[in-house]
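Please keep the sequence and the structure in view while reading.

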Amino acid sequence: MDINLEKFLFNLNTLAELGEEMASPKGFDNSVKSALYMVMGSFFASKGIIFGYDRDKKIFSPLASKGVGNANEVTLQLPEEVIKEFVKYNRPFDVKSDDPIVSVLGPARAELEKFHARIIVFLIVSDELLGLISINDKFSGEEYTAYDFQLLSVMAQHISFSFYSHSLLKRLMHKYSENKNLCENLVCAYYDTIHAFAAAIDAKDAYTRGHSYRVSSYSSALAREMGLFKEEVEGIRIAGLLHDIGKVAVDKSIINKASSLTKYEWSELYSHPVVGYEILSKIKFPWKGIPITTRNHHERIDGSGYPDRLKKLNIPMGARIMALVDAFDAMTTDRPYRRRLTFMEAMDQIKENLNKQFDPDIVYTFISIVRKEARNEADNPSIIPLLSEHEQLDSVFIEKLFEGFPKVH
């Protein structure tokens, strides 16, 4: 075979391997190192270095080197006008030639010559400087030919495109990281605002501090136990925090009144689900169902609730869950008009109102959670720890309490 044809085929194969190497998923640093070895091997060079260009710091830093000693701490710096000249030139050059572009290197030429630089090619894509490759004389003593310069130019293009892709990815990841941090900050602010609303709601009633938090905790625990999707659980949790937001429109004296309420006062109190719905309907929540859950959390499955007198499955799932836990928390906390009920007394009330006020499926799920918590089988207990008598609610007591409960398995 003709030696020139053989060389051409060898170089063609090297280019194919280079393209494959630069597209390899094994890691950018390893790909750069392999690319340098391929370039050096194609020109029988014994010393070489690839620099990456940091356009923010405006410096070249070594990414891979061979035969030049410790190059890790070496940096090159070129003025912006010099960089523009090289971007326009955009082809390999011999630092020992009389090509006018060589003089543009200035002090950087001496730095490169420390690493025996003979041929330099800048890595450029779409007029963007990404780095440079420097290799030394051929160890055979032969001079670099026009063909060599053409081959190096093509190889540099392959490497440049890889650098460009890597640069784009880094920028995208940086932008993603910035946006992620921004979103996290916004989410924190969002949740802080919701919790502030919940605190403001509870502050109207001296006897129910923490009510919204407990309802939220109980509700989300039931939603998880019932196998609802994560987004649904979170929506119900947030609805629990905001379910009484309509009470901000109810006079504090009515909420804290120790004696019986007048007809007018009852109508004011009964208005809070609708007021809450009107407030929350104007907010674009990332979760569905928060306004309607707030509106319907005082509905009863027998249709005797308010404000819409809905029955059974016509009541949204979140509202059926909240109807139980809201009533349970009301029963187990002190109120202006009565002392709190014990857990046993509260469960007796729930049993009595099963299939009237409360959905049996929700009640059975509630009991299942309490049983698991009493047996220490729950990963994150959400009900018993929030009860004032939690230390007395061991598994033996709970089992006895639920023995006569209908349909509990």
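## The second largest pocket

At least two lining residues of the second largest pocket come from each of α2, β1, β2, β5 and α6; helices (H or I, at least four residues) and strands (E, at least two) are DSSP runs, numbered from the N terminus. The greatest contribution is that of α6, with six residues. The model is predicted: local features need pLDDT of at least 70, side-chain atom pairs count only at pLDDT 80 or more, and totals for chains, interfaces and linings use all residues. Residues are numbered from 1 along each chain as its sequence is written, and side-chain values use heavy atoms, without hydrogens and water.

The lining comprises 21 residues, and Tyr53, Asp54, Arg55, Ser167 and Lys170 lie nearest the centre of the pocket. A pocket is an open set of points, on a 1 Å grid over the protein atoms alone, where a 1.4 Å probe fits, with protein on both sides within 12 Å along at least five of seven lines; lining residues have an atom within 4 Å of a point.

## The sheet

Five strands form an open, antiparallel sheet in the order β2-β1-β5-β4-β3; two strands pair if DSSP finds at least two bridges between them. At the edges are β2 (59-66) and β3 (93-94), each pairing on one side only.

Strands β1 (residues 48-54) and β5 (residues 128-135) are joined by five bridges. Within β5, Ser134 is the bridge partner of Ile49.
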